[in-house]
Amino acid sequence: MQDRPVANPDWDKMDHLSRPSPIFCFEHSFARELEGFYVPWQGEQVPKPRIALFNERLAADLGLELDGSEPELAGYLAGSVAPQGSEPIAQVYAGHQFGSFSPQLGDGRALLLGELLDKNGTRLDLHLKGSGRTPFSRGGDGKAVLGPVLREYVMGEAMHALGIPTSRALAATTTGEMIRRQGLKPGAVLARIASSHIRVGSFQFFAARGAWAKVRQLADYTIDRHYPEFAGMDDRYLLFLKAVSERQANLISQWMGVGFVHGVMNTDNMALSGETIDYGPCAFMEAYDRAAVFSSIDQQGRYAYGNQPSMAQWNLARFAENPRTPDRPGKRDPCRGAGHRSPHRFHGQFQDGMVQPHGQKDRVILHQARRHCADQSAHGHVARRRGGFHAFLPPPERG
C-alpha cells in the first residue's frame, strides 16, 4: 500500500458532478432525536493511516463495497477524515467503575460516525475507538495502541463465531504514531460495528442530574430502536426493564458457558442492546476457576469469572433506579417492583440460557458453571427473604 498524506475534503465546496459517491450511506437517528446527549467532534489528524486488518466478510454483510487497500478508506477509519455524510459525535454517559460512581464519563477516545443499515435493514453504529481527544477525555490522550486494538478485533470475531451477541470490528488501522504506554507502542484505531452504544451509564448521566425528561426521552429512543414491540404501550418502561434484564441474563450465561471473563463490567460497559462491548483485559479460561481475573487493576476480584452473574444483577439494579415515572407524582414506581423481582427472573433466564459446550474443555467449564449458578440461585432465595433485590446484591462500594 502506498504511503501518502490523507487530506480532509470539503464536500460542501465541491461541485455535485465531481463529488464521489458516498461509500457509507449514513443515517443519524441518535443525533437527530437526542440533542444534548453528545457533542459534535472531529477525530485528530494522524500522519500515516494504514489499514492493518480489514473485515471483508463484515463489510459484505453491511452491503459495503470497500477496498481495504485504499488510503482514503484508511483516513476515514482512523478518524482523520470525515467520510461524506458522516456527522461524528462523542456520546456522554456516567457510570459505576469498580463500584464507585463517576457522574461524567463519556467517549473520551471514541467517536460515533453514524449509523448504517445492513442487508436486513438492521440499524448499526459505526464507531471509532482511539481517534483522539474529546471533551470527555479527562486528561487522557484519546489514543489506542495496536495490541489492544487487535485483541478487541480477534475477541469480537471469536464471540461472533461462538454465536454470542457482540460488537465486531470492521478494521484495525495503524496511525503512524508512537503512543506512550509503558514504553512506546504503535498507535491504532478500531472501527467497530455495534447495535448501538447506549449503556446503563447513558441513563445514569441524566438520572444523576434529576433530568427525568431526558431519561424518559432516552428510554423511548432505546425502546424504538431495540425493543420496538413495546413502543407506545402504557407500561413500556416496565417491559423495557424486564427485557433488558432477560437479554443480559442470556448474554452472561453464554459468557459463563464458554469460560469468558470480560474483566471490566462497569455500568458504562453494559450495552442495553444485550451485546458484549468494550473488550479490555478479557480472556477465555483454560480451566474452570471461579476466581479467574485477567485485569491487573481488579485486585479484589470484583469482576472475576464467578462474580459475573451477580455483577450483571448489580448493574441492572443501578439501571432499575433510573427509568422512573416523573409524570405520575405520588404513584408507586412499577420499575422498583420489577427490581425486587429481578433475581428470580435473572437466575431462571440465566439457567435456561446456558449454552451448549463447544468442546471437552467447555463441557467441564459448563458443568462447573451450572453448579455455581445453582449455588447462587439458592443464595438468592435466602437473600430475597432478607429484604428484596438490594439484599441479594453485593453492597455498593464506597469511593
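This is a predicted model: local features need pLDDT of at least 70, side-chain atom pairs count only at pLDDT 80 or more; totals for chains, interfaces and linings use all residues.
Student: Which element supplies the largest share of the lining of the largest pocket?
Tutor: The largest pocket holds about 1200 Å³ of space. Its lining has 43 residues, with Arg109, Lys129, Tyr279, Gly280 and Pro281 nearest the centre. β7, β8, α4 and β10 each supply at least two lining residues. The largest share is 6 residues, and it comes from α4.

Student: What is the volume of the second largest pocket?
Tutor: Its lining has 18 residues, and Leu58, Asp118, Leu124, His160 and Arg168 are the closest to its centre. By class, the lining divides into 7 nonpolar, 6 polar and 5 charged. The space in this pocket is about 320 Å³.

Student: Is Cys282 buried or exposed?
Tutor: Buried means under 20% relative accessible area. Cys282 has 8%. Therefore Cys282 is buried.

Student: How many residues apart in sequence are the parts that Arg123 and Glu27 tie together?
Tutor: The two side chains meet in a salt bridge at 2.8 Å, N to O. Arg123 lies in strand β7, and Glu27 lies in the segment before α1. The pair therefore ties together parts whose separation in sequence is 96 residues.

Student: Is Arg32 buried or exposed?
Tutor: Arg32 in helix α1 pairs with Glu87 in the loop between α3 and β3. Their salt bridge is 2.8 Å, N to O. Exposed means over 50% relative accessible area. Arg32 has 55%, so Arg32 counts as exposed.

Student: Which residues join Asp107 and Arg199 in one network of salt bridges?
Tutor: Asp107 and Arg199 meet in a salt bridge at 4.0 Å, N to O. They sit in distant parts of the chain, 92 residues apart. Asp107 is buried at 1% relative accessible area, and Arg199 is buried at 1%. Through shared partners, the network also takes in Lys129, Glu152, Arg192 and Asp278.

Conventions: Residues are numbered from 1 along each chain as its sequence is written. Side-chain values use heavy atoms; hydrogens and water are left out. On a 1 Å grid over the protein atoms alone, a cavity is a set of points where a 1.4 Å probe fits but cannot get out, and a pocket is an open set with protein on both sides within 12 Å along at least five of seven lines; lining residues have an atom within 4 Å of a point. Grid points are joined across faces, edges and corners, and a volume is the space filled by probe spheres set on the points. Helices (H or I, at least four residues) and strands (E, at least two) are DSSP runs, numbered from the N terminus. Ala, Val, Leu, Ile, Met, Phe, Trp, Tyr, Cys and Pro count as nonpolar, Asp, Glu, Lys and Arg as charged, and the others, Gly among them, as polar. Buried means under 20% relative accessible area, exposed over 50%, partly exposed in between (1.4 Å probe, protein chains only).
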